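Q: Could you walk me through this fold? I want to learn how to read sheets, helix packing and salt bridges.

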Amino acid sequence: MSTKTEQEKVRGWLTGRLPGDWFEGETELSIDRDEILIVGRIPAPKQDKDVSAAERSAAEAGRIKQFREDTREHRIDIARELEHAARRKVAWGVQCGETTTVFTSLSAPVMTRLRQPERQVLDTLVDAGVARSRSDALGWCVKLVAQHSETWLADLREAMTKVEDVRRAGPDGTPDKAE
């Protein structure tokens, strides 16, 4: 979980560092303890309105591939600078039309202790072919919970931000300059 201040600092740094012609509008920024994910919107290819969904999707995938190749070296340089400053890995993604692609993203191991009933849930998902492994099954479960609990999780994150503000205002926090 990142703090609002961290988000603001990274967003500000990216605003100053990213080439102005790369993305339309503001980038989406997602930060956790391990990684910073930057997703920008690029223009969709111009097409007739009556093209099929398959043709539109293929054109968007082609545009994303071209962007990835054209910006690779520059994105690597920016990522290295940001990784050094933020002490987190940096991943890139692009939205084009209705297609979103994340180029390279960190897959972080997470240790957990599960009792037999929880392991049986994971094993059922593996046996049914929903997941390749217990690890994949656990990731699937987390995505499912996030999908169905999005509002609740957003409320929880907002509450955590308020707690952080209260801590900062406390006696061990950063004193106001007015004092």
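The dialogue below takes these features in turn.

A: A word on the model. It is predicted: local features need pLDDT of at least 70, side-chain atom pairs count only at pLDDT 80 or more, and totals for chains, interfaces and linings use all residues. Residues are numbered from 1 along each chain as its sequence is written, and side-chain values use heavy atoms, with hydrogens and water left out.

Q: In what order do the strands of the sheet lie?
A: Start with the terms. Helices (H or I, at least four residues) and strands (E, at least two) are DSSP runs, numbered from the N terminus. Two strands pair if DSSP finds at least two bridges between them. Here 4 strands form an open, mixed sheet, ordered β1-β2-β3-β4. β1 (24-31) and β4 (99-102) are the edge strands, each pairing on one side only.

Q: How many bridges join β3 to β4?
A: There are 4, and strand β3 (residues 89-96) runs antiparallel to β4. Cys96 stands opposite Thr99 of β4.

Q: Which strands does helix α1 touch?
A: Contact means heavy atoms within 4.5 Å. Axes are lines fitted to C-alpha atoms, for helices over the stretch in contact; angles run from 0 to 180 degrees between N-to-C directions. Helix α1 (residues 4-17) packs on the sheet and touches β1 and β2 (35-42). Its direction makes about 140° with that of β1. Helix α2 (residues 53-86) also packs on the sheet, touching β2, β3 and β4.

Q: At what angle do α3 and α4 cross?
A: The axes of α3 (residues 116-127) and α4 (residues 134-148) cross at roughly 105° and come within 9 Å. That makes α3 roughly perpendicular to α4, a label for angles of 65 to 115 degrees. Among the residues in contact are Leu122 of α3 and Trp140 of α4.

Q: Which classes of residue make that contact?
A: Ala, Val, Leu, Ile, Met, Phe, Trp, Tyr, Cys and Pro count as nonpolar; Asp, Glu, Lys and Arg as charged; the others, Gly among them, as polar. The contact of α3 with α4 has 7 nonpolar, no polar and 3 charged residues.

Q: How many salt bridges does the structure hold?
A: A salt bridge is a side-chain nitrogen of Lys or Arg within 4 Å of a carboxyl oxygen of Asp or Glu. The structure holds 10. One joins the side chains of Glu6 and Arg88 (3.0 Å, N to O). This pair links distant parts of the chain, 82 residues apart: Glu6 is in helix α1, Arg88 in the loop between α2 and β3.

Key: Angles under 35 degrees count as roughly parallel, over 145 as roughly antiparallel, 65 to 115 as roughly perpendicular and the rest as oblique.
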